[in-house]
Structure formats: C-alpha cells, structure tokens
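This report covers selected residues of one protein chain.

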Amino acid sequence: MTNFRPLRKRSKNMLRLQNVQKKDRDLLWNINQKYLYEMTNFYDDPMDAIGNYHYGYFDEYFSDPMRVAYFIFNDDLLVGFAMICPYSNIDQNPDYTMAEFTIFPAYRRKHFAIDAVEMILDKHSGKWEIKYNEKNSGAKKLWNTVAAPYEPEVHHLNDNETVLSFMTAEKIADKCADYSIKKVTIDDYDAIYELWSSTEQSRRALNPVDDSREGIARYLKRNPDTCFAAVKDGKIIGVILTGHDGRRAIVHHLCVHPDCRRMGIAGHLVSQAEEALQKEGIQKVFGLVFKDNESANAFWEQQGYSLRTNLNYRNKSLNDQIPAGE
C-alpha cells in the first residue's frame with residue numbers, strides 16, 4: 001500500500017476558524033464589501049446607489065445549510081474570512097467550492113492564507129473547486145501552491161478565469177489505495193490512451209503519430225523497462241513513459257486518473273521510472289511542461305526538477321501529421 005504524500009509542515013501561526021452565525025451578518029457583510037472593492041482591480045463590478053457592491057447570494061449563507069462561512073482568526077485578531085458553497089463553476093458536482101477567500105492586506109505574507117486553506121481542506125474533505133482570476137497574481141500563486149499536492153485538473157473558463165478541481169485524500173483513499181506498479185506493455189495501449197484522453201492537459205500533448213498504437217509500440221520496444229502503470233483492481237489509474245538515448249532520459253505523458261490524485265501515485269511513478277533509468281546508467285532526466293499548466297509545473301518543482309532558463313527548446317517535424325508546435 002502506498003503512503004500519502006506528506007503535506008507542507010504548518011507554520012507556528014495560531015490560526016483558528018470560527019463559524020459565522022446570523023448575529024455576525026453585519027460584520028461579514030462589511031468585510032466582504034471591502035474584499036469586493038479590492039476585487040474591482042480584476043472585475044468591473046459597479047457600486048450601487050448607496051456605495052455597496054451587489055452580492056446576490058449573501059443572505060443564503062444564513063439560510064442554506066449547504067453554504068458555510070468562516071472568520072479566520074490569529075489568536076483573537078480577525079485576519080480574514082472564507083465563504084464556501086457546493087455549486088460548480090464548470091458543470092460538475094463538487095462537494096465544496098471556495099466562493100470567497102481573503103486574508104486582509106495588513107496580514108499577508110505571513111503564511112496565514114496557506115495555513116487557513118489547509119485547515120479548511122482538512123475540515124471539509126471531498127471534491128473541491130477553486131476559481132481565480134489570472135490577473136490576480138497573488139491568488140494564482142496561492143491556489144496553485146495549495147492545490148499542487150492534490151494534482152488538480154485545470155479548467156480555463158476564459159482568458160481571465162481558471163478553475164482548479166481536485167479531491168482530498170480521505171474521499172479517494174478507498175478508491176485508489178492498495179494499487180500496484182507494473183511495466184507498461186503494448187497490451188495496455190487502449191487503457192492508457194483512454195486515461196490520457198480523460199484529462200485536458202494530457203489530451204493536448206497527444207499527437208496522431210507518436211501516440212498511435214504503432215508509435216507507442218515502437219517506443220516500448222526501445223524502452224521496455226522504463227515505462228510504468230499504476231493498477232487498481234485491474235484498472236490502470238496512472239501511467240508514465242520514460243525513455244533515453246544512452247545519455248539523457250525524457251519523461252512523457254505522466255498522468256493519474258482525476259479520481260485518484262493526491263495519493264502520491266504520480267510521485268511514486270516518477271520514483272519508479274527514475275530508479276529504472278539509473279539501473280540503465282542514466283544520470284539525468286528532463287521533461288517538457290506547458291508553461292500555462294501551473295499545477296504540473298508546481299508538481300515537477302516538488303519532485304526536484306529545476307527550471308532551465310538558459311536554453312531555448314527547438315524542434316523540427318519530419319512528418320506532416322505532426323505540427324512543429326506539438
């Protein structure tokens with residue numbers, strides 16, 4: 001049985017969450033208005049005639065049992081708040097969506113945000129969605145850092161908004177525990193291609209030649225001992241392809257089923273591949289990651305893969321079916 005990937009060690013902040021009650025309505029309204037004002041840096045939301053910003057679902061946090069709000073305290077000092085609902089931004093069925101979250105400006109850069117979010121995720125185990133605005137660099141960094149260990153799916157709603165969806169460990173443990181690792185063979189092709197096709201980020205990396213049955217068969221013939229799959233109850237739930245030229249190795253198409261993430265399966269597959277490559281005398285391995293895939297870049301950073309900024313990656317297609325940009 002595999003172990004869960006260890007989470008970041010918490011700071012020594014004395015944070016606590018306090019449920020917002022009906023008697024706290026005015027306080028939550030006031031601090032949410034200040035937050036909405038800050039968000040006008042990224043959204044064109046107008047004020048009404050008396051200087052407030054519209055928030056249509058506010059009172060439902062005091063009547064809808066599916067919604068919950070928290071004040072975030074450090075000792076007895078109010079430093080932020082969070083509002084959570086179960087309603088999806090991407091037509092899925094999450095258990096929880098982070099509707100609003102902020103740490104007040106005076107208390108940022110003290111690890112309050114990451115600590116508070118981890119407390120919330122511990123308290124509410126299940127399938128999560130978190131949306132952020134690409135122009136909000138602080139939120140983008142926070143949510144991708146928090147979500148990286150959960151290996152989230154990334155959904156781009158438009159040019160400005162991104163949704164991260166993921167499932168926390170307690171919900172997926174029964175589905176994906178006690179998996180095994182095996183070498184990939186061409187008999188696994190249909191299952192691994194279906195897995196790659198099930199996620200947007202993996203699907204976009206496929207091409208009709210190299211990832212055809214014939215292309216994968218050719219790759220496995222050259223690299224029979226360095227490609228691995230994670231298997232649970234006879235079903236492939238994760239895969240990694242690695243190959244080398246006798247000097248350097250490259251990682252292709254690491255993918256874990258969305259329902260089986262945050263179990264450490266991706267990290268386990270990487271370790272298995274690295275060990276196999278070392279047995280074949282390979283001392284260095286690299287991979288290509290789309291720049292806009294924030295969660296994947298955060299994952300590889302955690303695995304010890306440094307970003308090279310002193311090189312330009314160039315390629316040339318020798319087959320008309322493979323555009324040079326793929």
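Helices (H or I, at least four residues) and strands (E, at least two) are DSSP runs, numbered from the N terminus. The model is predicted, so local features need pLDDT of at least 70 and side-chain atom pairs count only at pLDDT 80 or more, while totals for chains, interfaces and linings use all residues. Residues are numbered from 1 along each chain as its sequence is written, and side-chain values use heavy atoms, with hydrogens and water left out.

Strand 12 spans residues 285-287 and includes F286. Strand 4, residues 96-103, holds T97, and helix 5, residues 189-197, holds A191.

Relative accessible area sorts residues into buried (under 20%), exposed (over 50%) and partly exposed (in between), with a 1.4 Å probe and protein chains only.

| Residue | Relative accessible area | Class |
|---|---|---|
| F286 | 38% | partly exposed |
| A191 | 33% | partly exposed |
| C85 | 7% | buried |
| T97 | 3% | buried |
| C227 | 0% | buried |

F286 also belongs to a nonpolar surface patch with L288 and Y313, and together they have about 340 Å² of accessible area. Such a patch is made of residues with over 30% relative accessible area and no salt bridge, with nonpolar side chains (Val, Leu, Ile, Met, Phe, Trp, Tyr) joined within 5 Å and like charges within 9 Å. A salt bridge here is a side-chain nitrogen of Lys or Arg within 4 Å of a carboxyl oxygen of Asp or Glu. The areas come from the Shrake-Rupley method with a 1.4 Å probe, and for residues only the protein chains shown count as cover.

What surrounds T97 in the model? Leaving aside neighbours within four places in sequence, T97 is in contact (heavy atoms within 4.5 Å) with M83, I84, C85, P86, Y87, S88, N89, W128 and E129. The T97 side chain reaches the backbone oxygen of Y87 at 3.0 Å. Between the C-alpha atoms of T97 and S165, 68 residues apart in sequence, the distance is 9.1 Å. For A191 and H257, 66 residues apart along the chain, the C-alpha separation is 11 Å.

A disulfide is a pair of cysteine sulfur atoms within 2.5 Å, and by this rule the count is zero. C227 cannot pair because its sulfur is 15 Å from the closest cysteine sulfur, in C255, which is too far for a bond.

Methods:
Polar contact = N/O pair within 3.5 Å; in protein donor to acceptor, adjacent residues only side chain to side chain.
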